[in-house]
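Let's walk through this one together, one question at a time. Have a look first.

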Amino acid sequence: MTDHAFPNDFVWGVATSSYQIEGAAQTDGRGESIWDRFAKTPGKVIDGSNGDVACDHYHRFAEDVALMKSLNVPAYRFSIAWPRVVPEGRGAVNQKGLDFYSRLVDALLEAGIRPFATLYHWDLPQALEDEGGWSRRSTAEAFVPYVEAVVDRLGDRVSDWITHNEPWCASMLGYERGIHAPGVVDKARAIAASHHLLLSHGWAMPVIRAKCPGARAGITLNLGPMLPASDSAADHDAARHADGHFNRWFLDPVFGRGYPEDMVRDYVAGGFLPAGGMTMIEPGDLEAIATRADFLGVNYYNRSIIRSEAIPEEANETPVRALGPERDWTEMGWEVYPPGLHQTLMRVHLHYGPRKMYVTENGCSYSTGPNAEGRVADARRVAFFREHLRAAHRAISDGAPLAGYFAWSLMDNYEWERGYGQRFGIVHVDYDSQVRTPKDSAAFLARVFAQNAVPSD
Ligand code: FCB
């Protein structure tokens, strides 16, 4: 029995990212990334771990592709590590790095799995960070030849391209809060970083299209509802600011509206921008950022409940504090809130009008491991996917052009500053033996993929 049948051409998949799974950090000429440096800086990662080995996917990709095939996975979203391809950030291209992705793509196609390649999922070459990283325009400039090299090599076999993953995280977690690499706490630099990330997206789009005729290209943003904690005017204003910081700051420019004026005013008032506002914008920048994309990628995890006293601008803190009604929380401390996926997709559809949307990430962290029989009975993850898929289905019924859904993640992996303790995979990974064990959620999604529908039982 199934309900919630999806459109015939709906794209189902699973997602990963390079630093979180590949390992082989010093292999075949890979350069240092900001995550290598950050993870090895004492105190930055909760369990002191790093991505040197991770899931050793670099050496085990064939096994991982076979695993996906056995789970009926139709599409795979992975990311390419810039420092594997251009170890110093700009200049010499490392063919061995490209060879790896070429082998991966061949294996995927051989298995009948459609590759979706993300060009930047946070592993900036450290050499570029040494010059100021994303807060410098020169990093956006360096992104273009890197993209050219990748698409030149893979564009004959990969047609689906995502320029950036979650520029909010790359800029704000990396340069404002400093809890992600490169660990900078400087809001002015974070705002500059957000512009340069978006600018590099805009510059990459025509390069992808020129090198790969027939390409479908877009950007992935992390989005979610920001709700006021009370009816007070102050809480409403705090929610407006949080929404501006997290959602609109990225959506507005990508959809041709420039940066939201209320946020520019707030940042000027807070001393994070000069009186002239976004003075780093040069002629043509906003037009580049607004290059019409083929799709918008939406990563959805949760909502936030916002109250006014959580806006310590002077402390460089984003005013996000979840005070949601006690319901279900994952081990990340994130509320399980499936209606937020429907709300987010509908909001983007109604207010911004993308051609298409893909949910490029959605998932949850529960540490359920194998029981005595070796089975991973992650019932809470199954329930999480079932509810979120129903919410996605409802958005399609309500007219949203949702064209695909990628579960985060194929397998347990390195969860950034949270280390290996947080497990988002539908496949369990034993990090000592590197044994992969599909969880019950993998069996559930395998049925979804095969039936193009959400089983009702
Ligand atoms: C997203 C990231 C992804 C993963 C999930 C849990 O913000 O894109 O790499 O860490 O969160």
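Contact here means heavy atoms within 4.5 Å. The model is predicted: local features need pLDDT of at least 70, side-chain atom pairs count only at pLDDT 80 or more, and totals for chains, interfaces and linings use all residues. Residues are numbered from 1 along each chain as its sequence is written, and side-chain values use heavy atoms, with hydrogens and water left out.

Q: Leaving aside neighbours within four places in sequence, which residues is Tyr 146 in contact with?
A: Tyr 146 is among the residues with the most contacts inside the largest nonpolar core, which has 138 residues. Such a core is a set of buried Ala, Val, Leu, Ile, Met, Phe, Trp, Tyr and Cys residues joined through side-chain atoms within 4.5 Å, where buried means under 20% relative accessible area (1.4 Å probe, protein chains only). Once those sequence neighbours are set aside, Tyr 146 touches Ile 80, Ala 81, Trp 82, Val 85, Val 86 and Leu 119.

Q: How far is an oxygen atom of the ligand from an N or O atom in the side chain of Glu 166?
A: Glu 166 is one of the residues around the ligand, meaning that a heavy atom lies within 4 Å. Polar contacts pair N or O atoms within 3.5 Å. For Glu 166, that distance to a ligand oxygen is 2.5 Å.

Q: How far from a ligand oxygen does a polar side-chain atom of Glu 415 lie?
A: Glu 415 is also around the ligand. A polar atom of its side chain sits from a ligand oxygen at 2.7 Å.

Technical notes:
Polar contact = N/O pair within 3.5 Å; in protein donor to acceptor, adjacent residues only side chain to side chain. Buried < 20%, exposed > 50% of the residue type's maximum accessible area, 1.4 Å probe, protein only.
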